[in-house]
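Thank you for making time this morning; I would like to walk you through one model, going from a single side chain to the sheet and the helices. Please have the sequence and the coordinates open as I talk.

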Amino acid sequence: MAFDGNSTIDEGVKRESTVHRDILRVNLTETYRGLIKKVLLSYKWVTKLDLKPLFIAKADHDVYVKSAELASWLEKYSRSPSKIYAGFVERNAAVRREVGNPWYVSKEDYDKVFYPTYCRGPFYILSRDLFLDVVNASKVNKPFPVEDAYIALLVEKLGVKPLNTGRDLFNTNRDLENHLRKIPEDKVTISSGAVLGDSLSSASINLIHRVYMKSKIIKAT
């Protein structure tokens, strides 16, 4: 995580990271164009941890992850012989050349008209063996400030194709936030998929969690 700028929050996070040693703190300003640097620093940090997971999931702060369902999905693919790069796949995305656009990329940084097929950035999964290759490839391929497309470029150079899980894994819905604001909590239903949303507020994530946990309790009884 980048520094928040709030000294009370920063000190609390610092104390927690000292106790659990599971938080990476970097001195960066939170901007979309700086996201790729933060992600790459995080990935390099993960390679140095003692923990050696079979998969690495990258999730933005504005999605809701159903942990149990994600674990079931990972278990399904845990014995796959193939390297895995999985998520909601985007094809034929055009490179934005308008200076000032948040997603602007110059021809010097990336000279093709379209990006490689990529998994949408709010959530995707890399198997451990591919993850290590991606980190190494990032050291010799200049990054550009569209994080999900850049990761896809590295994956493509490694000869791996994205696994399109559709909405079974990441049920991406940018209208979910507005929908949740318009209906009472007792009318909220939880969509299928291990990961929901994109651009969700903290309040909406808490709402989804309450409704989801209630539904789990009802099913269990």
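Let me begin with a definition: a residue is called buried under 20% relative accessible area, exposed over 50%, and partly exposed in between, with a 1.4 Å probe and protein chains only. What we have is a predicted model, in which local features need pLDDT of at least 70 and side-chain atom pairs count only at pLDDT 80 or more, while totals for chains, interfaces and linings use all residues. Residues are numbered from 1 along each chain as its sequence is written, and side-chain values use heavy atoms, with hydrogens and water left out.

Is D198 buried or exposed? D198 is buried, because its relative accessible area is 6%. D198 sits in the loop between β7 (195-197) and α7 (202-220), where helices (H or I, at least four residues) and strands (E, at least two) are DSSP runs numbered from the N terminus. Its side chain makes a polar contact with the side chain of R174, at 2.9 Å; such a contact is a pair of N or O atoms within 3.5 Å, and within protein one must be able to donate a hydrogen and the other to accept it, residues adjacent in sequence counting only if both atoms are side-chain atoms. Setting aside neighbours within four places in sequence, D198 is in contact (heavy atoms within 4.5 Å) with D62, V63, P122, T172, N173 and R174.

Now to the sheet, where two strands pair if DSSP finds at least two bridges between them. There is an open sheet of four strands in the order β1-β4-β3-β5, with mixed pairing. Its edge strands are β1 (55-59) and β5 (163-164), each pairing on one side only. Strand β3, residues 85-90, pairs with β5 in the parallel sense over two bridges, and G87 has N164 as its bridge partner in β5. With β4, by contrast, β3 runs antiparallel, joined by five bridges, and V89 stands opposite C119 in β4. Five of the six residues of β3 are buried.

Finally, the helices. Helix α4, residues 128-138, lies across β1, β3 and β4, running at about 115 degrees to β4; axes here are lines fitted to C-alpha atoms, for helices over the stretch in contact, and angles run from 0 to 180 degrees between N-to-C directions. Helix α5, residues 147-157, is mostly covered, with nine of its eleven residues buried, and what covers those buried residues includes α2 (35-47), β1, β3, β4 and α4. Just after α5, G159 takes a positive phi of about 80 degrees.
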